[in-house]
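Please examine the sequence and the three-dimensional structure shown below.

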Amino acid sequence: MSRQYKRLSKALAKSLKLTTEELEQSFRLATIDEVPVVSNIRHQVFGAELKANDEAYLKWRYFRHPDFPSTLWVFEYQNTVIGAMGTEPVELLNCGQREPAIRSMDAIIDPKLGSHGLGAWMVLALQERYSCILVCGGNADSKSMLKKLFTTLYVRQTYKLMLVSNGYLKNTGIAPIAGLIAPAINLLLSAYYRLKWLKFSTPHDIEIRPIEHIDELIALLPESPGVLGSVKVLRSAEYLDWRYRDNPMAGFMVKGVFKQAQLLGYVIYTFNADSGPENSKFGRIVDWDVFSTSECLEILSSVYIEVVKHFKLLGAEKIFITLNDKISSGAASNAGFILREAGSELFVYKKDAKPDDAVFSPDLWYQ
């Protein structure tokens, strides 16, 4: 047990008028019947940002199968759930070695009660239970705490590709004339992308085609992991099935890259037809992998371009992708994406790890 955990446990227990044993017992795995309570706290914390189907999301993420235990942790105080923290079991591929890890997410504290240091304590409690924890992003309130309890890696970058300018212009100072100048700008954007893609040479012996269902993608996966990055969450058949089957938050589409019947890579993407960032319809590339070291950049660039073309047919105004490795960044640039937001964080905790462990090296990650 870490000294920091012992010290905070003693202080928090005193603040809540509990013994340290009662404090530890108050942090437990949730039951499915507690999903509405957790969702209610989330609505208080996030307000209009939260989608109406939040309960379905929580059940999908943390109660996927009756044979698997919940991975949603809750803190119960005076017979009421006042905090929660979700975990996602993953397998980390660390320079060829497979290691168990979790992603931590969806951390909340009931805003009516104040934290009393509860958020930091729950993080430390997870660190007592798990050997490796990953946290992506975090909000303004949590980042300062995460930076004290984790190693911070600035590895995630968001890129954007604008297909049409209508939504963007309506949110600028020239909104009154946006409708007049948008058609001309849209023509210029379309011409720019056509010229950019003409300069790029797709490998002649590959075929890019839709993969209709996640089961088809899983059946096509090779036994060896993808070639992107030396440190990453393993995108196994089980991982893809868990993340993309029956997800209530979005419908996913897949394009695969083939050489004859062999799968060389894939891209998973989703289209939001509702109003999104800057009141526009938008697409997002959410996952991808490549299984060929030969022409890896060309393969990924080609499938990104085909996905962008599909988004254009669907009526997307802009497309987002968050990435960090050099091959994915180069492929995104070839497709026409530009850097929008640099340096968002990945927070890493690894128990008893040496400082030179590859997991702490941003350049080795594929995230």
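Which residue stands opposite leucine 323 in S12? The residue is glutamine 157. Before this pairing is followed further, the basis of the description must be stated. The model is predicted, and local features need pLDDT of at least 70, side-chain atom pairs count only at pLDDT 80 or more, while totals for chains, interfaces and linings use all residues. Residues are numbered from 1 along each chain as its sequence is written, and side-chain values use heavy atoms, with hydrogens and water left out.

Helices and strands are named by DSSP runs, numbered from the N terminus: a helix is a run of H or I with at least four residues, and a strand is a run of E with at least two. The protein has twelve helices and 13 strands. Two strands are said to pair if DSSP finds at least two bridges between them. Strand S12, residues 318–323, is joined to strand S6, residues 151–162, by six bridges, and these two strands run antiparallel. Strand S12 also pairs with strand S11, residues 282–290, in the parallel sense over four bridges. In this second pairing, isoleucine 285 stands opposite isoleucine 321. Strand S12 is mostly covered, since five of its six residues are buried. Here buried means under 20% relative accessible area, exposed means over 50%, and partly exposed lies in between, calculated with a 1.4 Å probe and protein chains only.

A further group of strands begins with S3, residues 80–94, and S4, residues 97–109, which pair in the antiparallel sense over eleven bridges. Glutamate 91 stands opposite proline 100 in S4. The two strands form a hairpin with two residues between them, and cysteine 95 in the turn has a positive phi of about 50°. Strand S4 is also joined to strand S5, residues 132–136, by two bridges, and these strands run parallel. The bridge partner of isoleucine 102 in S5 is isoleucine 133.

A disulfide is a covalent bond between the sulfur atoms of two cysteines. Here it is identified as a pair of cysteine sulfur atoms within 2.5 Å, and by this rule the count comes to zero. For cysteine 95, the closest cysteine sulfur is that of cysteine 132, at 13 Å, which is too far for a bond. Cysteine 136 is likewise in no disulfide, as its nearest cysteine sulfur, that of cysteine 132, is 12 Å away. Cysteine 95 is partly exposed, with a relative accessible area of 44%, and cysteine 136 is partly exposed at 29%.

Attention now turns to a helix. Helix H11 comprises the 19 residues 296–314. The expected span of a helix is 1.5 Å times one less than its number of residues. For H11 this gives 27 Å, and the end C-alpha atoms are 27 Å apart, so the two values agree. Among the buried residues of H11 are Cys296, Ile299, Leu300 and Phe311. Just after the helix, glycine 315 takes a positive phi of about 95°.

Serine 301 also lies in H11, and at 0% relative accessibility it counts as buried. Contact means heavy atoms within 4.5 Å. Leaving aside neighbours within four places in sequence, serine 301 is in contact with Phe200, Gly330, Ala331 and Asn334. Serine 301 and serine 333 are 32 residues apart in sequence and 8.3 Å apart in space, C-alpha to C-alpha.

Two other buried residues may be considered. Arginine 243 lies in helix H10, residues 237–244, and is buried with a relative accessible area of 16%. Glutamine 367 is placed in the segment after strand S13, residues 338–350, and is buried at 13%. Not counting residues up to four places away in sequence, arginine 243 touches Arg103 among others. Glutamine 367, with neighbours within four places left aside, has contacts that also include Arg103, as well as Cys136 and Leu323.

Finally, the whole protein may be viewed. Buried residues make up 47% of its 367 residues. The radius of gyration is taken over C-alpha atoms, and the globule rule is 2.2 Å times the number of residues to the power 0.38. A compact globule with 367 residues would have a radius near 21 Å, and the protein has 22 Å, which agrees. Among contacts between residues at least 6 apart in sequence, 71% join residues at least 24 apart.
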